[in-house]
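Please read it alongside the model.

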Amino acid sequence: MTSDQVLEVFKNTGALLEGHFVLSSGLHSSIYLQCAIALQSPAVASSFGAAIADQYRDGGIETVASPAIGGLVIGYEVARQLGVRFIWTERENGVMTLRRGFTVSPAEKVLVVEDVITTGGSTRDTIQALTAAGAEVVGAASIIDRSGGAAEVGVPRISLATLNVPALSTDVCEACRRGEPAVKPGSRKIFAH
Ligand SMILES: [Zn+2]
């Protein structure tokens, strides 16, 4: 599955919008991405899961782990296709933690899977939680890399598609300069610039 094919699926399912958007950070972007919209189709989740799993078939992966909530659907799908178990981490008082009785064996080979990597923070925190529990994290994967390849997570990392779209403050946003109203996806509110 090529990067273009992945992005085409995102566009076709309405998971990738092009325009003038206000991100949750308050910054503006010409691209809005909502992975959950693409992944609501099990067939799409299955094809992305296969594309990731195919790159680890001979990797000796014993477990797939994902940061909740964003990584759950794709992580589960990758685990299913690799025939290994799936666990997740979640934040407790801001700290990424293994809860719900999930444990790892000493040196258990774990692959961390996320939907979108932006700064890599959630993946790094998940790797840290797993490593602290004794696992050996052998790689990290995401459907989309929003960092343009720049995010470092401390282990080898792959993604199915890379986006390099800057998030801009309003004073340097071209669309704002042209006087185009900015839209906050998921709401009906139009922001005057
Ligand atoms: Zn703008």
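Contact here means heavy atoms within 4.5 Å. The model is predicted: local features need pLDDT of at least 70 and side-chain atom pairs count only at pLDDT 80 or more, while totals for chains, interfaces and linings use all residues. Residues are numbered from 1 along each chain as its sequence is written, and side-chain values use heavy atoms, with hydrogens and water left out.

1. Ile 143 touches Val 6, Phe 10, Cys 35, Leu 39, Phe 48, Ile 52, Ile 74, Glu 114, Asp 115, Ser 159, Leu 160 and Ala 161, residues up to four places away in sequence not being counted. Ile 143 is also among the residues with the most contacts inside the largest nonpolar core, which has 35 residues. (A nonpolar core is a set of buried Ala, Val, Leu, Ile, Met, Phe, Trp, Tyr and Cys residues joined through side-chain atoms within 4.5 Å; buried means under 20% relative accessible area, exposed over 50%, partly exposed in between, with a 1.4 Å probe and protein chains only.) Helix H3 (42-53) gives the most to this core, with six residues. Another core, of 15 residues, lies apart from it and includes Leu 98 and Val 104.

2. Helices (H or I, at least four residues) and strands (E, at least two) are DSSP runs, numbered from the N terminus. The buried residues of helix H4 (72-82) include Ile 74, Glu 77 and Gln 81. They pack against H2, H3, strand E3 (63-67), strand E4 (85-92), E6 and E7.

3. The zinc ion has as protein donors His 20 (NE2), His 28 (ND1), Cys 173 (SG) and Cys 176 (SG), at 2.0 to 2.3 Å. Donors are N, O and S atoms within 2.8 Å of the metal (3.2 Å for Na, K and Ca). The angles among the four donor atoms are 95 to 128 degrees, and the site is tetrahedral, a term requiring all angles of four donors to lie between 85 and 135 degrees. Both His 20 and His 28 are buried.

4. Residues touched by Arg 146 include Ser 29, Thr 118 and Val 165.

5. Backbone geometry also deserves a check. A cis peptide bond joins Ala 68 and Ile 69, with omega about 0 degrees. Asn 93 has a positive phi, near 50 degrees, and counts as exposed at 79% relative accessibility.

Conventions:
Tetrahedral: all angles 85-135°; square planar, octahedral: opposite > 155°, others 65-115°.
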